[in-house]
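Colleague: I have this model open beside its sequence, and I would like to learn how to read it. Could you take me through it?

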Amino acid sequence: TGGKVRTGAISRRGDAYLRTLLIHGARNLVRYPARSKWISEMLCRRPFNVVAVAVAHKLAKIAWAMAVRGSAPGSAPAGG
C-alpha cells in the first residue's frame, strides 16, 4: 500500500444486524457525497457499494473508539 491508509471491508464476524444497520447508514451518507470530500473522492475511484462498505467500516471504528474511550473522537477524555 506504500504507507496509504486503506479503509475497506467489514468482517462478516459479529452481529449481522449491527452490520446491516452500519451499511444502511453508510449508504445514506454516500447518497450525498458533497458533504464529505473523502466520500466524493472515493466515489470517483470506486463503485457505490464499495464506498458504502468503506464508510460503514469507518463508522464502526468510530463507534468502537467511542465505546472504549467513553467520548467522541477528538474530544477530551471523559472524567479528566
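Modeller: Gladly. Let's begin with a definition: a residue counts as buried under 20% relative accessible area, as exposed over 50%, and as partly exposed in between. Lys58 has a relative accessible area of 34%, so it is partly exposed. Lys58 is found in helix H3. Please keep in mind that this is a predicted model.

Colleague: How many helices and strands are there in the protein?

Modeller: The protein has three helices and zero strands. Along the sequence, the pattern reads α-α-α.

Colleague: And what is the mean pLDDT of the protein?

Modeller: pLDDT is the predictor's confidence in each residue, from 0 to 100. Here the mean is 83, and 79% of the residues reach 70 or more. Confidence is highest in H2, at a mean of 93, and lowest in H3, at 90.

Colleague: Let's take H1. How many residues does it have, and how far does it reach?

Modeller: A helix's expected span is 1.5 Å times one less than its number of residues. H1 covers residues 16–30, which is 15 residues, and its first and last C-alpha atoms are 21 Å apart, close to the 21 Å expected.

Colleague: Which residues of H1 are buried?

Modeller: They are Leu22, Ile23, Ala26 and Val30. These residues sit on the same side of H1, because the arc they cover around the axis is only 100 degrees. Their cover includes helix H2 (37–45) and helix H3 (48–69). Gly25 also lies in H1, but with a relative accessible area of 31% it is partly exposed.

Colleague: Which residues of H3 are buried, then?

Modeller: In H3 the buried residues are Val51, Ala52, Ala54, Val55, Ala56 and Ala65. They pack against H1 and H2. H3 itself has 22 residues and reaches 32 Å from first C-alpha to last, close to the 32 Å expected. After H3 comes Gly70, with a positive phi near 80 degrees.

Colleague: What separation do the C-alpha atoms of Gly25 and Val55 have?

Modeller: Theirs is 8.9 Å, although the two residues are 30 apart along the chain. For Lys58 and Leu22, which are 36 residues apart along the chain, the C-alpha separation is 9.6 Å. For the protein as a whole, take the contacts between residues at least 6 apart in sequence: 45% of them join residues at least 24 apart.

Colleague: Now to charges. How many salt bridges does the count come to?

Modeller: The rule asks for a side-chain nitrogen of Lys or Arg within 4 Å of a carboxyl oxygen of Asp or Glu. By that rule the count is one salt bridge. The partners are the side chains of Lys37 and Glu41, at 3.9 Å from N to O.

Colleague: Where do Lys37 and Glu41 lie?

Modeller: Both are in helix H2, four residues apart, or about one turn of the helix. Lys37 is exposed, with a relative accessible area of 64%, whereas Glu41 is partly exposed, at 37%.

Colleague: One last item: what share of the residues counts as buried?

Modeller: Of the protein's 80 residues, 18% count as buried.

Conventions
Residues numbered from 1 in each chain as written. Heavy atoms only, no water. Helix = DSSP H or I, 4+ residues; strand = E, 2+ residues; numbered from the N terminus. Buried < 20%, exposed > 50% of the residue type's maximum accessible area, 1.4 Å probe, protein only. Arc of directions from axis to C-beta. Contact = heavy atoms within 4.5 Å.
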